[in-house]
Amino acid sequence: MNADVHWTAWGVFALFFVLVTVLGFVASRWKAADLTQLHEWGLGGRRFGTLITWFLLGGDLYTAYTVIAVPALVFTVGAYGFFAMPYTIIAYPFVFAVMPRLWNVCHRNHYLTTADFVEGRYGSHWLALAVALTGVLATMPYIALQLVGMQVVFEAMGFGGMRQGAEIALIVAFAILALYTYTSGLRAPAMIAFVKDIMIYIFVIAALVIIPAQLGGFGAIFAAAGEAFQAKPATPPTGLLLQPSQVTAFASLALGSAFALFLYPHAATGTLAASSANVVRRNAILLPTYSVALGLIALLGYMAIAAHVSVKGNAVVPALIMQSFPEWFAGFCYAAIALGALVPAAIMSIGAANLVTRNIWRPYVNARMNPAQESNIAKITSLLVKVGALAFVVFLPLEFAINLQLLGGIWMLQTFPAVVFGLFTRWFRPLPLLAGWATGMTLGTTLSWLQGVKPVYAVPGVGLLYIGLIALVANIVVAAIGTVIADALKAARAADATKPGDFADASVTR
Amino acid sequence: MRRFLPLLLLVPYVALLWVPFYNTREPVVWGFPFFYWYMLLWVPISSVLVFIVHRGSGHER
């Protein structure tokens, strides 16, 4: 750990952190409403317009861990790390086609979670439980990784050799986060996202202008990175372009991740908090702005190579920042990254809390909660989820959270048939969908585990493919076969609580 | 014609998932190899395509 303390950086950092903390508590009065109602606490009363939703979802999806880990991957392997680009571009045509239907049906039927929708659509609280458990399970390590993003920033600013420094700072930051999420619900991250996203954009623009000027332009940066990769051994493959063996892995990772993105509870929560289906559509058009920022952030990996930073892994970006900027501005960038951890961590814990309350607690523990009790359970769950994530980071090796998050993406994708197909057709039956989910979960986890938790698997005759997609295919096949068999046996179907018109916009009659 | 407009949503998938098409160095623009600026360029193109589909759908009135 760094022995010296960067006091100026700490000072600027603390200033922004205090500002945001105040905002977090003030947020409870914003668009004032009764926060003892779960849809007010956990969905901001579904009142967020286009701009707020843009900031909220942008702050939610492009996280601190992204800012740290994507350039770190690019620094190590090169072009392959850029799969995040196609991934976050092709996600939005999908969002445009699918998520407005989800918004409409959830709004019409007062659903707060994707699992609520699944339960109403198929009349099966078991299938809803599967969707809810998957969401909670995938979210926990994701929150933990946000903490990791914060931790590397703290370490870069230094503690004068104090051994537990980063952990103490982390616990303090998290206690603050937990308190304002508890009091303000989704309004807190929505308000903080404004500040955080603007700061991230300032950081990216400054990095783009200042660092290439110091390093002799983008041509020189790419050349330096290319040379560094050529000096590396042939395996594992690296380079400025994809090696032939990486092509199918790159494309299938992009596709699978794009499909999984909006199934995550934090993305669904941000979407359902929008004030109309058109707000969701407009955001499918506007959110890619963040993908430009992401692409430029990924380039920081090459800049770090050209700047000869002396560290590796997650420390690369903080080191590049400290090396390239005056210390006060480094503090500003670190604050942007740390706030970039708080926003998604808050939304993730709220999304998980909504799932636990509505799809685990209500059907299996207490079916007769009044709204105030419901919102209390959610608030307490959001605390527990965060404490759990903190414990992850403090007590378990970093590898554990990274591996679980990777598996989390594979798991999340297995809720695709129940949720996304369900928005368009009711042909699939709930039990076969559950069987498909179980198949996909088992197959995906096993394939990944057998190779020491890797995201891709070598399919004979095709090449490396994203395991999440392989498992999804098996999942769909099982669900389809099961449905055909049940139909042939003329088994009874449970009632559908949704109506065909629920999926369309209210004002449009076509 | 309007019925087929949503098919535009598929274009980014073809453009970005057919990786061999853009996994090349030339032409270099502003120091950026093709692989990189091609992907960056597809962000606005994809947005415009979704915008066109949205306009044509009649949801915005």
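Reply: A:A254 touches A:F83, A:P86, A:Y87 and A:I90, and also B:L16 and B:L17, leaving aside residues up to four places away in sequence. The model is a predicted one, and what follows is computed from its atoms.

A:A254 belongs to the largest nonpolar core, which has 206 residues. Together with A:A144, A:Y334 and A:A338, A:A254 touches the most other members of that core. Helix α16 of chain A, residues 327-364, supplies the largest share of the core, 21 residues.

Between the two chains, 27 residues of chain B are in contact with 32 residues of chain A. On the side of chain B that touches chain A, the elements giving two or more residues are α1 (11-17) and α2 (34-57) of chain B. Of these, α2(B) gives the most, with 10 residues. Sorted by class, that side of chain B has 17 nonpolar, 8 polar and 2 charged residues.

The phi of B:W30 is positive, about 55°, although B:W30 is not a glycine. B:W30 counts as exposed because 10 other C-beta atoms lie within 10 Å, and the cut-off for exposed is 12 or fewer.

Back in chain A, helix α16 can be followed through one of its residues, A:T357. A:T357 has 28 C-beta neighbours inside 10 Å and therefore counts as buried, the cut-off being 20 or more. Not counting residues up to four places away in sequence, A:T357 touches A:L38, A:R362, A:E374, A:I377, A:A378 and A:T381. From C-alpha to C-alpha, A:T357 and A:A132 are 9.9 Å apart in space, while 225 residues separate A:T357 from A:A132 in sequence.

Next come the helix pairs of chain A. Two packed helices are described by the angle between their axes and the distance between the axes. For helix α3 (residues 50-61) and helix α12 (residues 265-272) of chain A, the axes come within 10 Å and cross at roughly 175°. Because of that angle, α3(A) is roughly antiparallel to α12(A), as angles over 145 degrees are counted that way. From α3(A), the residues A:T53, A:L56, A:L57, A:D60 and A:L61 meet A:H266, A:A267 and A:G270 of α12(A). This contact of α3(A) with α12(A) has 4 nonpolar, 3 polar and 1 charged residues.

In α12(A), 8 of the 8 residues are buried, so this helix is largely enclosed by the rest of the structure. The buried residues of α12(A) include A:H266, A:A267 and A:G270, which are the residues of α12(A) that meet α3(A). A:P265, A:A268, A:T269, A:T271 and A:L272 are buried in α12(A) too.

A second pair is helix α10 (residues 217-230) and helix α14 (residues 288-306) of chain A, with axes that come within 8 Å and cross at roughly 75°. That angle is why α10(A) is described as roughly perpendicular to α14(A), the range for this being 65 to 115 degrees. Here A:A220, A:I221, A:F222, A:A224, A:A225 and A:A228 in α10(A) meet A:Y302, A:M303, A:I305 and A:A306 in α14(A). By class, the contact of α10(A) with α14(A) has 10 nonpolar residues, with no polar and no charged residues.

Chain A also has a strand pair. Strand β1 (residues 456-459) and strand β2 (residues 463-466) of chain A pair in the antiparallel sense over 4 bridges. A:Y457 has A:L465 in β2(A) as its bridge partner. The hairpin of β1(A) and β2(A) has 3 residues between the strands, and in this hairpin A:G461 takes a positive phi near 85°.

A:K490 has a phi near 55°, a positive value in a residue other than glycine. With 7 C-beta neighbours inside 10 Å, A:K490 counts as exposed.

Notes: Residues are numbered from 1 along each chain as its sequence is written. Chains are lettered from A and ligands numbered from 1 in the order in which they are written. This is a predicted model: local features need pLDDT of at least 70, side-chain atom pairs count only at pLDDT 80 or more; totals for chains, interfaces and linings use all residues. Axes are lines fitted to C-alpha atoms, for helices over the stretch in contact, and angles run from 0 to 180 degrees between N-to-C directions. Angles under 35 degrees count as roughly parallel, over 145 as roughly antiparallel, 65 to 115 as roughly perpendicular and the rest as oblique. Two residues are in contact if their C-beta atoms, placed from the backbone, lie within 7 Å. Ala, Val, Leu, Ile, Met, Phe, Trp, Tyr, Cys and Pro count as nonpolar, Asp, Glu, Lys and Arg as charged, and the others, Gly among them, as polar. A nonpolar core is a set of buried Ala, Val, Leu, Ile, Met, Phe, Trp, Tyr and Cys residues joined through C-beta atoms within 7 Å. Two strands pair if DSSP finds at least two bridges between them.
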